[in-house]
Amino acid sequence: QVQLVESGGGLVQAGGSLRLSCAASGGTYSRYNMGWFRQAPGKEREFVAAISWSGGITNYADSVKGRFTISRDNAKNTVTLQMNSLKPEDTAVYYCAATRLATTGPYSYWGQGTQVTVSS
């Protein structure tokens, strides 16, 4: 079973950048496809980005394409979400997730989340 811990959230002005990290432990991390999801107040959780176990395949939600980049380091058991050109509508709790299935999920393991707030 994989345990996931996110970090790097915070408050940033619109147009700014943040880098989220997710540290994995307790499992064979390199065998898992990884994803980032987010949930804004009053809204359902939504997909943001995903990366295959090898790092060779990435997927992004249309709303973040060209602004966010997902990457992973299997030697360090980490996955990172670089967020640039942030908008107020990116404000949400961001969750890291892992799956042994396809990057489209479903995802079995989830972190506790980290808050991202973008001010206008």
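Here are some numbered notes on this structure, written to be read with the model open beside you.

1. Before anything else, keep in mind that you are looking at a predicted model. Every value below is computed from that model.

2. Let's start with the disulfide. A disulfide is a covalent bond between the sulfur atoms of two cysteines. The count here comes to one, and the partners are Cys22 and Cys96, with 2.1 Å from S to S. That distance passes because the cut-off for a disulfide is 2.5 Å. If you look along the S-S bond, the angle about it is -80°, which makes the link of Cys22 and Cys96 left-handed.

3. Where do Cys22 and Cys96 sit in the chain? Cys22 belongs to strand E3 (residues 18-25) and Cys96 to strand E9 (residues 92-99), so the bond connects distant parts of the chain, 74 residues apart. Are these two cysteines buried or exposed? Cys22 has a relative accessible area of 1% and Cys96 one of 0%. Both count as buried because the limit for that word is under 20%.

4. Next, the sheet that E3 belongs to. Strands of a sheet pair through backbone hydrogen bonds, either parallel or antiparallel. In this open sheet of four strands the order is E1-E3-E8-E7, and the pairing is antiparallel. Strand E1 (3-7) and E7 are at the edges with a single partner strand each, so one side of each has no neighbour in the sheet. From one strand to the next, the twist averages 15°.

5. You can walk across that sheet pair by pair. E1 and E3 are joined by five bridges, and Leu4 has Ala24 in E3 as its bridge partner. Six bridges connect E3 with E8; look for Arg19, whose bridge partner in E8 is Gln82. E7 and E8 are also antiparallel, with six bridges between them, and Asp73 stands opposite Thr78 in E8.

6. Now for the largest nonpolar core, which has 29 residues. Which of them touch the most other members? They are Met34, Trp36, Val79, Leu81, Met83 and Tyr94. At least two residues of this core come from each of E3, strand E4 (33-39), strand E5 (46-51), strand E7 (68-73), strand E8 (78-83), E9 and strand E11 (114-119).

7. Thr80 is in strand E8 and is buried, at a relative accessible area of 10%. What does Thr80 contact, leaving aside its neighbours within four places in sequence? The list is Arg19, Leu20, Ser21, Trp36, Thr69, Ile70 and Ser71.

8. On to the aromatic rings: the whole structure has five aromatic pairs. One of them is Tyr32 with Tyr109, edge-to-face, at 5.9 Å centre to centre and 80° between the planes. Tyr32 is in the loop between E3 and E4, and Tyr109 is in strand E10 (residues 109-110), so this pair ties together parts 77 residues apart in sequence. Tyr32 counts as buried at 7% relative accessibility, whereas Tyr109 is partly exposed at 22%.

9. Phe37 and Tyr107 form another edge-to-face pair, with 5.1 Å centre to centre and 75° between the planes. Phe37 lies in strand E4 and Tyr107 in the loop between E9 and E10, so parts 70 residues apart in sequence are tied together here. Phe37 is buried at 11% relative accessibility, and Tyr107 is buried with a relative accessible area of 11%. Ring pairs also link Phe37 and Tyr107 with Phe47 and Trp110 into a cluster.

10. One last stop is Ser108, in the loop between E9 and E10. Ser108 is ten residues from Ala98 in sequence, and their C-alpha atoms are 6.1 Å apart. Not counting residues up to four places away in sequence, Ser108 touches Ala98 and Thr99.

Note on methods: Residues are numbered from 1 along each chain as its sequence is written. This is a predicted model: local features need pLDDT of at least 70, side-chain atom pairs count only at pLDDT 80 or more; totals for chains, interfaces and linings use all residues. Side-chain values use heavy atoms; hydrogens and water are left out. Buried means under 20% relative accessible area, exposed over 50%, partly exposed in between (1.4 Å probe, protein chains only). A nonpolar core is a set of buried Ala, Val, Leu, Ile, Met, Phe, Trp, Tyr and Cys residues joined through side-chain atoms within 4.5 Å. Contact means heavy atoms within 4.5 Å. Two strands pair if DSSP finds at least two bridges between them. Axes are lines fitted to C-alpha atoms, for helices over the stretch in contact, and angles run from 0 to 180 degrees between N-to-C directions. Rings of Phe, Tyr and Trp (its six-membered ring) pair if their centres lie within 6.5 Å; planes under 30 degrees apart count as stacked, over 60 as edge-to-face and the rest as tilted.
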